[in-house]
Amino acid sequence: MKTRPLLTCLLVLFLPPLAIGAQESTLPHNDKGDTIVLTAEEIRAMKALKMPDVLNHVPGVKAGDSSVSIHGSLKVKVFVDGRPINDPTSTHGGVNWDLVFPDEVERIEILRGKGGLAYGQDASGGIILITTRRKRQVSGKVKTYAGNFGTHSVNASTGISFGKVSGGVNGGYEGTDGYHVNNDKKRWQTGIKVDYAPHESTNGFGFSADMLHDERGLPGQPKYSTPFSRKESRNAALALRAELWRWTTQTAYNEGYTHNTDKSMGLDRTLRVSKIGQDLSTTFKTSKRGHLICGAAFSWDRAEGDSFDDQQEYGASLFAAQTLAWPEVSTTLTAGLRGNYHSVFDNTLNPEIKAVYKKPTWRLTGSYSRTQNIPSFYQRYNETSSTRPNPNLTMEKADNFSLAFSATPHKAFSFSLTGFFNLLSDRITYVTGGKGIGWYQNFGKVIYVGWDGAFSLKMTETLEFKGAYTYLEAKDKDTGLWIPGKARHTSNLTLLWHPFSPLSLVAVGTYSSTVYRNKANTKTVPDYVIADLRAEYAFKRWSLFAEVKNIFDKTYYYADGLLAPPLTWLVGLEWKI
């Protein structure tokens, strides 16, 4: 009798799937270990307009307009309601954050340095799972804002729920003239979502479709500007999910297209990437103490361009993980293995193990995982005015260790500490050469080691402080030199103030230390401190909001050497049905 769940699991892996899908893990939600969870209440309190502003409050996480990294690694997979929103034409799996807005989110789960067991390769940094709110009866909103540098935006959404069926549509536009030459952009977005939930305890069936169209200038490095470099990109994402009994199956289709031009250099390059993923997973109780999760996945990728031959790659994988719990000693242990096949790169076996010791007011978690990151088609074949392709890139490998402690000694105070050690072999890094032109290349062995901490202190019912700090050493193991673009110290301090019912104020201070721009450590980007302020005045179905970033108009640069924005401001209005 004890072998039946395992035999059934193996049988399920080879049955024809009910649908084709992008996997959403069915790991139990009552055991979070060192996973960071943001609730809807916490997210709404930040008054953030975009997802990066939410995630930058999390220790070890750094998000940009189309990127996210965890403990220095840009290989992070992001899912919204189970569908991936990583851009297939980006460098390190950049993220289409415009497909989800903070006020639509019910929950965010961040798996730092793990998650590859259930979600596959290209996840050495971790996994971010975003769950949006289910539509209730009739709902909708219109939000618009405008600011300096010709910034303007409008987006609208509506949803309806009747019985077991819910659905919604959304669309929006954002544009700006930019804060320096050739820094303008225009972005359009639209989407649709339909769900059928036969029971409250299951997600049932779901379908979603999203499209993005983006046109922008690429200004280049301040010293080596590219005033005529332009980029047009289009992205489409389709997802179909089915959850029945113990089975979850999903399909995702992502297609991205980029067109890079520079009339001053005679550059005209296109790149189209298509990705199809199918995943199936199931969970069984194996004993009074534990359960088994197992699954299978298949992916097919294709790249087309006018400067290289068409490329096709595919991969398949199987995984299984056993969880055992001993409540009498407050301990839970999870161990699993994933086997990966790839048509171009090496086949791999990736283990993952996690142990949790949990008490009512504190928790201690230790974990280890191994994963691989496959160089993207963009890294290998994309060409712009300031980037050259490198088709000879190889797969990078990552072994991640972490030890995390979190505690809530008082209902008004909580804190966490996490130590991490990540060893990467053949790490893929963007390196800037002469005249501001760069390319991606493999290093030998790279070590990311450090720690991060966070705290939350609620002074009164209307006043709360939050802080986060990360210390990171990122070095080439062979030369001892620092990895470009990685800051040793990053921190932020947030003040949340709700002086009276309609008004909310959020002040954020951010610090980043000096980073190196090149492999030889001879060029640097200076450290900086910036401050932001957000405010909202809400009454009935209306709300007025404003945001000022870089209040003191500090001149600073991103880690890649690009000039960051000066003081920017916007004001807006939202109306909810």
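The questions and answers below go through cavities, cores, strand pairs and a few single residues of a predicted model.

Residues are numbered from 1 along each chain as its sequence is written. In this predicted model, local features need pLDDT of at least 70 and side-chain atom pairs count only at pLDDT 80 or more, while totals for chains, interfaces and linings use all residues, and side-chain values use heavy atoms, with hydrogens and water left out.

Me: How many cavities of 30 Å³ or more are there?
Reply: A cavity is a set of points, on a 1 Å grid over the protein atoms alone, where a 1.4 Å probe fits but cannot get out. Grid points are joined across faces, edges and corners, and a volume is the space filled by probe spheres set on the points. With the limit at 30 Å³ or more, the number of cavities is nine.

Me: Which residues are the closest to the centre of the second largest cavity?
Reply: The second largest cavity holds about 910 Å³ of space. Its lining, meaning residues with an atom within 4 Å of a point, has 43 residues. The closest to the centre are K77, Q121, D122, K275 and S299.

Me: Which element gives the most to the lining of the second largest cavity?
Reply: Helices (H or I, at least four residues) and strands (E, at least two) are DSSP runs, numbered from the N terminus. Elements that each supply at least two lining residues include β4 (76-80), α4 (116-119), β16 (290-305) and α5 (377-381). With five residues, the element that gives the most is β15.

Me: How many residues in the lining of the second largest cavity are charged?
Reply: Ala, Val, Leu, Ile, Met, Phe, Trp, Tyr, Cys and Pro count as nonpolar, Asp, Glu, Lys and Arg as charged, and the others, Gly among them, as polar. The lining has 17 nonpolar and 16 polar residues. The charged residues number 10.

Me: Which residues touch the most other members of the largest nonpolar core?
Reply: A nonpolar core is a set of buried Ala, Val, Leu, Ile, Met, Phe, Trp, Tyr and Cys residues joined through side-chain atoms within 4.5 Å. Buried means under 20% relative accessible area, exposed over 50%, and partly exposed in between (1.4 Å probe, protein chains only). The largest core has 27 residues, and those touching the most other members are V68, V78, W97, I108, I110, I128 and I130.

Me: What is W97 in contact with, leaving aside its neighbours within four places in sequence?
Reply: Contact means heavy atoms within 4.5 Å. W97 belongs to the largest nonpolar core. Its contacts are M51, P52, L55, G64, D65, S66, S67, V68, V78, I85 and I130.

Me: Which strands are the edge strands of the five-stranded open sheet?
Reply: Two strands pair if DSSP finds at least two bridges between them. The sheet runs in the order β1-β6-β7-β4-β5, with mixed pairing. Each edge strand pairs on one side only, and the two are β1 and β5.

Me: In β7, what is the bridge partner of R107?
Reply: β6 and β7 pair in the antiparallel sense over seven bridges. The partner of R107 in β7 is T131.

Me: Which residue has a positive phi in the turn between β14 and β15?
Reply: β14 and β15 pair in the antiparallel sense over 16 bridges, with T261 opposite D268 in β15. Their hairpin has four residues between the strands. The turn residue with a positive phi, about 70°, is G266.

Me: Is S233 buried or exposed?
Reply: S233 lies in strand β13. Residues that S233 touches, not counting those up to four places away in sequence, are L212, H213, D214, Y257 and T258. With a relative accessible area of 10%, S233 is buried.

Me: What is the relative accessible area of K540?
Reply: K540 is in the loop between β31 (528-539) and β32 (542-549). Its phi is near 50°, a positive value in a residue other than glycine. K540 is exposed, and its relative accessible area is 90%.

Me: Which residue stands opposite V431 in β24?
Reply: Strand β23 is mostly covered, with four of its five residues buried. β23 and β24 pair in the antiparallel sense over five bridges. Opposite V431 stands W439.

Terms used: 1 Å grid on protein atoms, 1.4 Å probe; cavity = no way out; pocket = protein on both sides within 12 Å on 5 of 7 lines; lining within 4 Å.
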